[in-house]
Amino acid sequence: MILRLDQVACARGGRLLFANLDLTLGRGDAGVVTGPNGAGKSSLLRLCAGLLRPFEGRIETGSRALLGEQCALDGERALAAALAFWATLDGTRDRVEPALAAVDLLPLADVPVRLLSTGQRRRAGLARVVASGAALWLLDEPANGLDTASIARLEALVADHRAAGGAVLVATHLPLALPGGATIALGGAA
Ligand SMILES: Nc1ncnc2c1ncn2[C@@H]1O[C@H](COP(=O)(O)OP(=O)(O)OP(=O)(O)O)[C@@H](O)[C@H]1O
């Protein structure tokens with residue numbers, strides 16, 4: 001078991017976004033979170049990342065990495081150094097270069113993060129997740145800003161991660177190939 005949610009409810013700003021959510025992801029599993037704007041997709045990923053507390057219920061998870069709205073890299077640092085900052089904390093420094101290669105950003109390793117384009121920054125955030133070595137990838141709209149080739153690379157990276165025994169939970173409104181993925185449909189809020 002990589003992620004288990006047991007009767008989880010999420011409230012934000014005093015409003016209940018969803019309740020009674022059960023979800024289990026094991027090795028190789030994928031979950032796709034869908035729902036209209038404001039349904040709580042990002043909030044669910046943040047709950048799973050441990051950045052929010054559930055209003056009710058329990059969440060069990062091991063190592064995890066979140067790709068949120070921001071790439072979470074120091075804009076002033078060179079890309080490789082910014083990734084190395086996190087990888088050093090994770091004890092996975094040797095994974096930085098392969099992760100940069102996997103998102104096709106090795107040629108920009110020495111460029112400050114703030115100078116990267118929107119799609120490149122998204123890929124840099126993905127490289128951070130890849131380099132983390134975490135079993136659970138939490139990806140919030142990972143395809144936003146990506147060109148066709150980058151989306152294919154993202155799909156391949158997710159497939160490799162699952163094949164290696166990892167799991168992913170993805171919120172996306174863009175079509176992504178996640179074979180056999182379970183759908184978690186959040187409904188309701190305007
Ligand atoms: N810090 C906060 N304080 C209060 N309410 C918040 C906070 N962050 C988010 N919300 C509210 O929680 C609700 C769900 O937000 P969330 O970002 O999880 O939705 P989402 O499904 O990811 O939406 P979208 O498709 O637009 O990205 C929204 O109504 C939002 O206004």
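**Entry 1. The parallel sheet.** I began with the open sheet of 5 strands, whose order is β5-β6-β7-β3-β8 and whose pairing is parallel. The twist from one strand to the next averages 15°; angles run from 0 to 180 degrees between N-to-C directions, and axes are lines fitted to C-alpha atoms, for helices over the stretch in contact. For the terms, I recorded that two strands pair if DSSP finds at least two bridges between them. Helices (H or I, at least four residues) and strands (E, at least two) are DSSP runs, numbered from the N terminus.

**Entry 2. Basis of the model.** I recorded that this is a predicted model, in which local features need pLDDT of at least 70, side-chain atom pairs count only at pLDDT 80 or more, and totals for chains, interfaces and linings use all residues. Residues are numbered from 1 along each chain as its sequence is written.

**Entry 3. β3 and β8.** I looked up how strand β3 (residues 30-34) meets β8 and found 4 bridges, with the two strands running parallel. Within this pair, Val-33 has Ile-184 of β8 as its bridge partner.

**Entry 4. The antiparallel sheet.** I then turned to the open sheet of 3 strands, which has the order β2-β1-β4 and antiparallel pairing. β2 and β4 each have a single partner strand and stand at the edges, so one side of each lacks a neighbour in the sheet. Direction ignored, neighbouring strands of this sheet are turned by 25° against each other on average.

I followed β1 (residues 3-12) and β2 (residues 15-25), which pair in the antiparallel sense over 7 bridges. Leu-3 is bridged to Leu-25 of β2, and Arg-12 to Arg-15 of β2. The two strands form a hairpin with 2 residues between them, and Gly-13 in the turn has a positive phi of about 55°. On the β4 side, 5 bridges join β1 to β4 (residues 56-61), again antiparallel; Leu-5 stands opposite Ile-59 in β4.

Entry 5. I checked Gln-7, which lies in β1. Gln-7 has a positive phi of about 55° although it is not a glycine. Gln-7 counts as exposed, with 12 C-beta neighbours inside 10 Å. The classes are as follows: a residue is buried if 20 or more other C-beta atoms lie within 10 Å of its own, exposed if 12 or fewer, and partly exposed in between, with C-beta atoms placed from the backbone. Arg-15, in β2, is also exposed, with 10 other C-beta atoms within 10 Å. I found its C-alpha atom separated by 24 Å from that of Leu-139, which is 124 residues apart along the chain.

**Entry 6. Helices on the sheets.** I noted that helix α1 (residues 41-49) lies across β1, β2 and β4, at about 125° to β1. Helix α4 (residues 118-132) lies across β5 and β6 (136-140), running at about 175° to β5. From first C-alpha to last, the 15 residues of α4 reach 22 Å, close to the 21 Å expected at 1.5 Å a residue; the expected span is 1.5 Å times one less than the number of residues. Since 13 of its 15 residues are buried, α4 is largely enclosed by the rest of the structure.

**Entry 7. The core.** Which residues touch the most other members of the largest nonpolar core? I found Leu-83, Ala-99, Ala-127, Leu-138 and Leu-169, in a core of 56 residues. Such a core is a set of buried Ala, Val, Leu, Ile, Met, Phe, Trp, Tyr and Cys residues joined through C-beta atoms within 7 Å. Beyond residues up to four places away in sequence, Ala-127 touches Leu-83, Ala-99, Leu-100, Ala-102, Val-103 and Leu-105; contact requires C-beta atoms, placed from the backbone, within 7 Å.

**Entry 8. A loop residue.** I looked up Ala-72, in the loop between β5 and α2 (79-90). Its phi is near 60°, a positive value in a residue other than glycine. Ala-72 counts as partly exposed, with 15 C-beta neighbours inside 10 Å.

**Entry 9. The whole chain.** I recorded 5 helices and 8 strands. Of the 190 residues, 40% count as buried. Along its principal axes the C-alpha trace spans about 45 × 30 × 30 Å.

Methods: Contact = placed C-beta atoms within 7 Å.
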